[in-house]
Amino acid sequence: MKVAVIAGTPIDTEFGENILKEAGYKDIIGIAVSNNPVEQTIFQAASDEYKELHINKILLSLKNKSCSNLFVYCNSLSGAVDFKKLAKKNAINVVTPLNVYEDMANKFNKVAVLAANAQGLAGIEKVMMTKNPNLVFIGFTFLEMVKSIEKKEDISKIARDFKFKELTELIELYKVEKIILGCTHFPYIEKELAKYTNIDILNPAKYMLTKLKER
């Protein structure tokens, strides 16, 4: 099965490709919308018309390559573009992290979400709160940490720079049931973050793979 991975930057596109390769997929097309996290944030802040036109061109090019499966490995991009609308328009199977959060929303009463930027955070909040209006949603954004991950800096250095000890202590004060990795860069630091807390961490990637297979 041919699958295209689209993400905000070349690095998270690479992360998405690696996840698919580990799952046994071989025919993979990688597409980065922007060159870096700042460019991607600017793209996400553009008009809906501009974003849809740009993504629609990508979907048309995939159809021309006989690819009907799209793995959107970027949380903020998923929230900034109406992929459901474009998937229907182009008759293409699209899986995004938001599909996972929508399914998970009713399973929790209180969550902490780590996102790249406010746009990504808002997209996750919208889909989860729409599904579960009683959910207590606590959000944090870390675009600077995304930049460090893009450079593939040492994980222990990232933990020090971004105060994982203090961050997890703060999150624990809220007594959340789950820490959600609301950015597809953040599995890079998942194991390190887990050293500082006993709260379960939700990485949407494996659930996205399940959805891809189901569809």
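This is a predicted model: local features need pLDDT of at least 70, side-chain atom pairs count only at pLDDT 80 or more; totals for chains, interfaces and linings use all residues.

Mentor: Start with D161 and K157. Their side chains meet in a salt bridge, with N and O 2.7 Å apart. Residues are numbered from 1 along each chain as its sequence is written, and side-chain values use heavy atoms, leaving out hydrogens and water.

Why can these two side chains pair up? D161 and K157 are 4 residues apart in helix α9, so about one helical turn separates them. Helices here are DSSP runs of H or I with at least four residues, strands are runs of E with at least two, and both are numbered from the N terminus. Now check the surroundings. D161 is partly exposed, at 39% relative accessible area. K157 is partly exposed too, at 33%. Salt bridges with shared partners join E153, K157 and D161 into one network. As for the cut-offs, buried means under 20% relative accessible area, exposed means over 50%, and partly exposed is in between, with a 1.4 Å probe and protein chains only.

Next, look beyond this network. The whole structure holds 11 salt bridges. One of them joins K152 and E14, at 3.0 Å from N to O. K152 is partly exposed, at 39%. E14 is also partly exposed, at 29%.

Another pair is K84 and E102, whose closest N and O atoms are 3.7 Å apart. K84 belongs to helix α5 (residues 83-90) and E102 to helix α6 (residues 97-104), 18 residues apart. K84 is exposed, with 60% relative accessible area. E102 is partly exposed, at 22%.

Helix α1 has 13 residues (10-22), and at 1.5 Å a residue it should span 18 Å; its end C-alpha atoms are 18 Å apart, which agrees. The expected span is 1.5 Å times one less than the number of residues. Which residues of α1 are buried? They are I11, D12, T13, F15, G16, E17, I19 and L20. The cover over them includes strands and helices: β1 (3-7), β2 (28-32), β3 (69-72), α8 (143-150) and α12 (205-214). Just after α1, G24 takes a positive phi of about 100°.

Now move to helix α2 (residues 37-44), which holds Q40. Q40 is buried, at 4% relative accessible area. Set aside neighbours within four places in sequence, and Q40 is in contact with G8, V33, S34 and L77. Contact means heavy atoms within 4.5 Å.

L121 gives another buried case. It lies in helix α7 (residues 118-131). Its relative accessible area is 15%, so L121 counts as buried. Beyond four places in sequence, L121 is in contact with V113, A115, F137, G139, F140 and T141. The C-alpha atoms of L121 and I11 are 20 Å apart, and the two residues are 110 residues apart along the chain.

L170, L173 and Y174 make a nonpolar patch of about 300 Å². Patch residues have over 30% relative accessible area and no salt bridge; like charges are joined within 9 Å, and nonpolar side chains (Val, Leu, Ile, Met, Phe, Trp, Tyr) within 5 Å. Accessible areas come from the Shrake-Rupley method with a 1.4 Å probe, and for residues only the protein chains shown count as cover. L170 lies in helix α10 (residues 164-173). L170 is partly exposed, at 35%.

Finish with the cysteines. How many disulfides are there? The count is 0. A disulfide is a pair of cysteine sulfur atoms within 2.5 Å. The sulfur of C67 is 18 Å from the closest cysteine sulfur, in C74, so the two are too far apart for a bond. C74 is in no disulfide either; its nearest cysteine sulfur, in C183, is 6.8 Å away. C67 is buried, at 2%. C74 is buried as well, at 4%.

Definitions and conventions: A salt bridge is a side-chain nitrogen of Lys or Arg within 4 Å of a carboxyl oxygen of Asp or Glu.
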